[in-house]
Amino acid sequence: MEAEANSGSLEDSGAFIQRPGEGCRTVPLAGHVGFDSLPDQLVNKSVSQGFCFNILCVGETGLGKSTLMDTLFNTKFEGEPATHTQPGVQLRSNTYDLQESNVGLKLTIVSTVGFGDQINKEDSYKPIVEFIDAQFEAYLQEELKIRRVLHSYHDSRIHACLYFIAPTGHSLKSLDLVTMKKLDSKVNIIPIIAKSDAISKSELTKFKIKITSELVSNGVQIYQFPTDDESVAEINGTMNAHLPFAVIGSTEELKIGNKMMKARQYPWGTVQVENEAHCDFVKLREMLIRVNMEDLREQTHSRHYELYRRCKLEEMGFKDTDPDSKPFSLQETYEAKRNEFLGELQKKEEEMRQMFVQRVKEKEAELKEAEKELHEKFDRLKKLHQDEKKKLEDKKKCLDDEVNAFKQRKTAAELLQSQGSQAGGSQTLKRDKEKKNNPWLCTE
Amino acid sequence: MSKGLPEARTDAAMSELVPEPRPKPAVPMKPVSINSNLLGYIGIDTIIEQMRKKTMKTGFDFNIMVVGQSGLGKSTLVNTLFKSQVSRKASSWNREEKIPKTVEIKAIGHVIEEGGVKMKLTVIDTPGFGDQINNENCWEPIEKYINEQYEKFLKEEVNIARKKRIPDTRVHCCLYFISPTGHSLRPLDLEFMRHLSKVVNIIPVIAKADTMTLEEKSEFKQRVRKELEVNGIEFYPQKEFDEDLEDKTENDKIRQESMPFAVVGSDKEYQVNGKRVLGRKTPWGIIEVENLNHCEFALLRDFVIRTHLQDLKEVTHNIHYETYRAKRLNDNGGLPPGEGLLGTVLPPVPATPCPTAE
């Protein structure tokens, strides 16, 4: 590692002088200083903090994703197999704490549920892409916070995506191509051929070649094992040629020879999972865990995450204006946006206020109308009432008149009667006698 | 183990998720074995090797600053620490070279390699500190320099298109040289440390310790420790950053017994008992620099380089730098709002008062 232009990057403030020409040269040591323990110090810190690793398994239902994870990590992870009747693609995530010697690993396995089961698979890739983006987003949010705790942040970004290819023996399905193309710039894709005990060896070689050529011709960038470090360059180089790995997963152990091995038993023979002649499982485990786990994590952070971050920030309207761009430029853009938003907010407020005023007016008018109506009704009723009353009074008057008339007649009649009875009491007698004598004589 | 499961975050961020984070120890502890066809060994512990290889490839940066009055042996000590001429001494100091009028900051970088590990070491010297008649505010240029380095790093970090590896020029460690008066700390010492202990890791060092006898040395150390405590000055390793009990006991021992280290520096070798040792020759004997009976140089070296080098860098990055960043972003009217830059524009979360750099 040569000096990264240290001499040029130190600032020239008033009280600061840089010795010219002394740049960064290698200086020999006269004895043992002791900083060669630095990698150990670094590693010890990381060990005490623990590592995390997140794997995404993409593949159709029934291709053996869960079984492969169980086989890879030598344990039974929980979860029942999914049905084929899912209405859409979902992702199921589980986190486990594994411990091996003094190393603690927080392993998260995310699996697609219902991938490839729908009739219309156009949108199948979307939930996956959204999930990956959501993890990047969460990390970005944390990174942009003012008070942040990045060193103890639980990193949920997907470090490796195992893409399960169905063992048809012919070629990749178009769904596979489309999905992988959408994912290759967001995550490290490692394609594997699942349930590869369904393919014979010769078919397998042809299948692998076909797949690789299809990936290349469609411009899908799968993860290449790094070949820049001499210690692993050779093994990584050979492994790169074996992609995609043809794997078989099994958690059942059978006695073969005098050892217990993971295997699958058929009437015609037994397929051993860890036998390199039978399948590439051992290669996958080597590459994924024992050789390149750290590189996968680093690529995710330095390449995929940076790309996401860059796109996201540019989308938001931030730009690096020039090489000396200070946080101020971000600040200025932010201020401008903030003002814009405030302006919009004000406008909205105004609109709402106006709408409110209008509504009030309308309501008032309505209420006035109703009031008027009520008044009218009241008047009408009053009038009716008055009419009724008048009628009643008239009738009463009539009745009174009649009563008076009757009374008059009554008094008149009584008077006449009393007069008559006085003057002709005898007359009555006579009349009575006459009556007796002459019953047919009618009185007045 | 990484702490905490962000279940709330998972729920909020992914609506289509059925999150079931259930940490459970799955694999029983198995012995590490290389040629294993044994069921049970996965190979997770190889990540240590992978990580080590990666870090060795990228190399390390380390920036150390030395502060103290001239003539206290700063350059000699740094040269002794790193066993090479990383700091040009003022031994060829001629009268024409005036004492600088203000404090100057001189940073010189070298690449040193040992055991396959490459380190870019930058020594930042501060000639002129404490040499004036009026030394008021002479720590200001130093504080300014330190903050400038944080600023530079922040600028790089905030860029849209970031460098793969941001060059780290932040000061990881500041050795403050105390004059071996035998009495107590000077007001200048206290002022400097009070201001700077909040922005950088300060390791106080008693210079030219060969002028004190053993009793004087231990008394002086006690007094210095007491004074620092009374004045509320937290030197490295700071109590509040002890991560676990192990760290705490280890660091407590250092804080309460060894620090401040009383050191002697030298780059000349002499023959003592048939061995060539670094030392200072006096009429009454040879002071061996690396002899623990004579001075505490070896303790300082082991402390800074062999055990706490990475920790110095981490405290600088995770704590001092973050404090600076938070303060800086808050001062600018809350550059990204407290909830994050992206998403809705919320009013900036009122920041809890961070320790100011003043």
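The following dialogue explains the terms applied to selected parts of a predicted model.

Visitor: What kind of model is this, and how are its parts labelled?

Guide: It is a predicted model in which local features need pLDDT of at least 70 and side-chain atom pairs count only at pLDDT 80 or more, while totals for chains, interfaces and linings use all residues. Residues are numbered from 1 along each chain as its sequence is written, chains are lettered from A and ligands numbered from 1 in the order in which they are written, and side-chain values use heavy atoms, with hydrogens and water left out.

Visitor: Why is A:T179 called buried?

Guide: Buried means under 20% relative accessible area, exposed over 50%, and partly exposed in between, with a 1.4 Å probe and protein chains only. A:T179 has 1% relative accessibility and therefore counts as buried. This residue belongs to helix α5 (residues 174-183) of chain A; helices (H or I, at least four residues) and strands (E, at least two) are DSSP runs, numbered from the N terminus. The buried residues of α5(A) are A:L175, A:D176, A:L177, A:T179, A:M180 and A:L183.

Visitor: What touches A:T179, leaving out residues up to four places away in sequence?

Guide: Contact means heavy atoms within 4.5 Å. On that basis A:T179 touches A:F115, A:Y125, A:I128 and A:Y163. The cover over the buried residues of α5(A) includes β3, α4 (125-144), β6 (160-165), β7 (189-193) and α6 (201-217) of chain A.

Visitor: What makes the approach of A:T179 to A:L175 a polar contact?

Guide: A polar contact is a pair of N or O atoms within 3.5 Å; within protein, one must be able to donate a hydrogen and the other to accept it, and residues adjacent in sequence count only if both atoms are side-chain atoms. A polar atom of the A:T179 side chain lies 2.6 Å from the backbone oxygen of A:L175.

Visitor: How do you know that A:N54 is buried?

Guide: Its relative accessibility is 1%, so A:N54 counts as buried. A:N54 is in strand β3 (residues 51-58) of chain A, and a polar atom of its side chain lies 2.6 Å from the backbone oxygen of A:R157.

Visitor: Why is strand β5 of chain A described as largely enclosed?

Guide: Because 11 of the 11 residues of β5(A) (residues 103-113) are buried, the strand is largely enclosed by the rest of the structure. A:V103, A:L105, A:L107, A:I109, A:S111 and A:V113 point one way, whereas A:G104, A:K106, A:T108, A:V110 and A:T112 point the other way. In a regular strand the side chains alternate between the two faces of the sheet.

Visitor: How do you know that β3(A) and β5(A) pair?

Guide: Two strands pair if DSSP finds at least two bridges between them. β3(A) and β5(A) run parallel and are joined by 7 bridges; A:F51 has A:L105 as its bridge partner in β5(A). Strand β4 (residues 90-100) of chain A pairs with β5(A) in the antiparallel sense over 11 bridges.

Visitor: Why are α4 and α9 of chain B called roughly perpendicular?

Guide: Axes are lines fitted to C-alpha atoms, for helices over the stretch in contact, and angles run from 0 to 180 degrees between N-to-C directions. Angles under 35 degrees count as roughly parallel, over 145 as roughly antiparallel, 65 to 115 as roughly perpendicular and the rest as oblique. The axes of α4(B) (residues 140-158) and α9(B) (residues 309-331) come within 10 Å and cross at roughly 80°. The two helices are therefore roughly perpendicular to each other.
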